[in-house]
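Subject: Structure for you to look at

Hello,

Here is the structure I said I would pass on. Please open it first, then read the notes below.

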Amino acid sequence: MRFSFIKILFNCFLVDDRNKNITKDSLTGDFKQEKTMKVEILDLTKKNLKDVPEWKTYPFSCKYCLYWELPREYEVSKTKIKEDLLREKLRWIENTRKNFGNCGKLLYLNGIAVGYAQYAPPDFFPRLSDYRSDAVLISCLFIPYRDLRGVGLGTQLLHSIIEDLRKRGIKAVETYARKGNSENPSGPVEFYLKNGFRIHREDPEFPLMRLDL
Ligand SMILES: CC(C)(COP(=O)(O)OP(=O)(O)OC[C@H]1O[C@@H](n2cnc3c(N)ncnc32)[C@H](O)[C@@H]1OP(=O)(O)O)[C@@H](O)C(=O)NCCC(=O)NCCS
């Protein structure tokens, strides 16, 4: 498991100012002391959804984003208040956990959530009504803090998903990644190629990536 502590130390002086939950000081303070450095990855639950980072621009947080879960709702969600969106997300998590099992991960750095991932079989994502697969789909894998990217946290989060799915006897994991651009719910193609995925279905911009487990 790769983790570049030195790089983190440098990068933490430039914490993403979009996030209003975590101040620069709270991060740099923690990371100044190597002994207190701790990465923890927990299953996503209704209880810890509140920890998911927020930022100032739409959709403000992964906890309010319903892009995959409720496409029709998503079209009007810009006019909805956060509480409504959160309620819908909680409902989705509850239903998915009940019928599929764990469907997400939160990565904490010294007790602060800095990474979010969400996954389930395609049937749980109405936006993908024409997508059939034996695989579980990663709909989101995100490190919201720009300056915490590129130091291995995304890889740790992805590996924890793969481990979870392997233990549960799932055959394969897939995601729609983006070519040459990380602005995409689950990130760029290059990240998945680096982590053993292959292009399963070609597309000029958003190929379907797959890893057989
Ligand atoms: C994509 C993402 C999850 C990857 O997590 P990360 O912690 O930054 O990635 P890692 O440090 O584990 O990278 C592992 C490897 O993946 C590849 N990689 C990661 N990000 C990449 C990028 N943006 N472009 C190309 N390759 C990339 C690299 O090969 C890297 O290995 P290297 O550092 O040895 O070169 C993260 O960068 C992210 O959240 N980006 C923003 C995505 C976004 O805007 N999403 C919108 C959500 S709505």
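Two residues are in contact if their C-beta atoms, placed from the backbone, lie within 7 Å. Keep in mind that this is a predicted model.

Helix H4

H4 runs over residues 82–99, which makes 18 residues. From the first C-alpha to the last, H4 reaches 26 Å, close to the 26 Å expected at 1.5 Å a residue.

Which residues of H4 are buried? They are Leu85, Lys89, Ile93 and Thr96. These residues cover an arc of only 75 degrees around the axis, so they sit on the same side of H4. The general rule behind such a pattern is that an α-helix has 3.6 residues a turn, so residues three or four places apart point the same way.

What do the buried residues of H4 pack against? Their partner is strand S3, residues 112–120. On the face turned away from the buried side, H4 carries the exposed residues Glu83, Arg87, Glu94, Lys98 and Asn99. After H4 comes glycine 101, with a positive phi near 115 degrees.

Proline 207

Proline 207 is in the loop between strand S6 (198–201) and strand S7 (208–212). Is proline 207 buried or exposed? Proline 207 counts as buried because it has 20 C-beta neighbours inside 10 Å, and 20 or more is the cut-off for buried.

Neighbours within four places in sequence aside, proline 207 is in contact with Ala177, Lys179, Val189, Ile199, Arg201 and Glu202. Threonine 175 is 32 residues from proline 207 in sequence, and their C-alpha atoms are 8.4 Å apart in space.

Regards

Methods:
Residues numbered from 1 in each chain as written. Predicted model: local features only at pLDDT ≥ 70, side-chain atom pairs only at ≥ 80, totals over all residues. Helix = DSSP H or I, 4+ residues; strand = E, 2+ residues; numbered from the N terminus. Buried ≥ 20, exposed ≤ 12 C-beta atoms within 10 Å, placed from the backbone. Expected span 1.5 Å × (residues − 1). Arc of directions from axis to C-beta.
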